[in-house]
Amino acid sequence: MNEVLQAAVDAASVGGIYALMALGIGLIFGIVRLVNFAHGEFVMVGGYAVLLLAGAPTVAVVAATLIVVIVLALGVERVAFRPLRGAAMPTLLVGSFAVSYFIQHVVMMSYGGNTVGVDFLPRLSKSIEFGGVSAPALQLVAIAITVLLLAGLAFCLKATRFGIEMRAAAEDLRMARLMGVPTNLIIALAFAISGVLAGVVAIVYVAQIGVLTPRMGVQPALIGFVATVVGGMGSLLGAVVGGFLIGTITVLLQVVLPLELRDFRDAFLFGSLFLILLVRPQGLIVVRSARERV
Amino acid sequence: MLTVDTLHVRYGSIVALRGISLTIADGEAVSVVGPNGAGKSTLLHAITGVVPVADGTITHDGDSLVGRPIERIVGRGISLVPEHRGIFTSLTVEENLLMGARALRDRSERAMEIDRVLELFPAIRERLRRPAGRLSGGEQQQLAIARSLLTRPRILLLDEPSLGLAPQMIELVYEILARLRGEGITLLLVEQNAHRALEATDRCYVLRTGRIELSGTSAELRGAPQFEEAYFGFDAASSPDDTSLDGAP
């Protein structure tokens, strides 16, 4: 029983981070049909912001990191992605990779390509025991933050005017424009929210792993992207479900795989995701986007 | 007054509209009929800024609409009810209506306006909390029209509002259009169902392969042999199998 509870805590922690990544990517894809691989670099820049601000009060580090990542996300939208808006999918993909590599190499020029250590929130690495389960305090904080963030975002999307407009734009941007929704504002808002999500992931991720590299965002972005596909491209709920599903499968594999196979866990992870897509190629949750002929 | 003058629209190498000219006066109800692929939807999309104009002009009260963003055109009171309704299926009926009423900043004014519009659509009022994707086709069409009315349109553009609806629902939609016409809302109705369109409007343009083949008052065109000829592209009298305009291809 304790093992199950332990696995559930681990799955919630890992899945929560993946869900936040997937939501950041899924939100942008839903509205502008852009797979933003630079989302991983938003996380990476957030990590380096934590490094730069190390020593300042925690609240200041968190606030400044979020601001840095939001500004970066808005800047990337304005400078790189807005001019490409409406372009063909391959163009958007190449643009997204170009932005991703550009940011990576700018950071590399400043900090080099080597791993840099950062000791953020060390007091949260202490384990807390409850009900026979032991988990680092940081893991529990990460779960709490994820739940709060997802609940807050769900409330905003459901109950506020901008939230309703954003959901409408995510389903059918052209129809939302025909209702008078200002495209630039709603897309900028989506990028700002994806910046907040990336900033939170950066803070939790850096506190958990304690090291930075310019390529540290690549893997989480890839997992986030896969989670949006498995969950159902264009569905925000699907992105969250996909993130938690991948987190759960990851933790389950870690538990059930024999020791000698654990190094190959990702092969089993992606193999199982491939099987899910074979059964449901459209993803777990399907959004029916309105399409009309011209 | 909405004026379209020698309008050309292209999709790559395909020419969809070839020099369309038409006018719609305030309070007038005008229909554009024609077979599938004639360019009717494209005309509405060009007016609302959804597709770019290759050549020609579109003006509303003397101001050019060409090149303006969609949301600015909507802001002038030009509202489109698109083919297949364009309902946000993942939003509730109420949220769809709120999207229409988004320009009204005051909460109570918004509620009053929604209440006023829903008087026309009692079936919708009973389903406010339901996801819009779960409404029937007829209810979705009513929702689409209600949502557009909440933008307080000066000109309402309707793209095939009877498409895919049961006869009873078509009657209801046209009853609603007649009431809107009575309220003085300018209507531009695109239809394949030519007879219904002629009954519901003051004037009509027949569009075929991107060109206006014929135009006139609905009274003039009703039953006129050249109307069927313009619609089908041949002399209807010589093709006895294809004399009905209802449900034309």
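Which residue in β8(B) is the bridge partner of Leu157(B)? In this predicted model, in which local features need pLDDT of at least 70, side-chain atom pairs count only at pLDDT 80 or more, and totals for chains, interfaces and linings use all residues, that partner is Leu188(B). Residues are numbered from 1 along each chain as its sequence is written, while chains are lettered from A and ligands numbered from 1 in the order in which they are written.

Chain B contains 10 helices and 10 strands, these elements being DSSP runs numbered from the N terminus (helices, H or I, at least four residues; strands, E, at least two). For its 249 residues, a compact globule would have a radius of gyration near 18 Å, and the value of 18 Å for chain B agrees with this; the radius is taken over C-alpha atoms, and the globule rule is 2.2 Å times the number of residues to the power 0.38. Along the principal axes, the C-alpha atoms of chain B fill a box of roughly 60 × 40 × 35 Å.

Six strands of chain B form an open sheet of mixed pairing, in the order β6-β7-β8-β3-β9-β10; two strands pair if DSSP finds at least two bridges between them. At the edges are β6 (78-81) and β10 (211-217) of chain B, each of which pairs on one side only. From one strand to the next, the twist averages 15 degrees. Strands β7 (residues 155-159) and β8 (residues 186-191) of chain B run parallel and are joined by five bridges. Helix α1 (residues 40-47) of chain B lies across β3 (29-33), β6, β7, β8 and β9 (203-208) of chain B, at about 150 degrees to β7(B). Axes are lines fitted to C-alpha atoms, for helices over the stretch in contact, and angles run from 0 to 180 degrees between N-to-C directions.

The contact between the chains takes 28 residues from chain B and 22 residues from chain A, two residues being in contact if their C-beta atoms, placed from the backbone, lie within 7 Å. On the side of chain B that touches chain A, the elements giving two or more residues are α1, α2 (70-75) and α3 (93-100) of chain B.

Gly182(B) belongs to helix α7 (residues 167-182) of chain B. Gly182(B) is exposed because 8 other C-beta atoms lie within 10 Å; the limits are 12 or fewer for exposed, 20 or more for buried, and partly exposed in between, with C-beta atoms placed from the backbone. Between the C-alpha atoms of Gly182(B) and Gly27(B), which are 155 residues apart along the chain, the separation is 9.0 Å.
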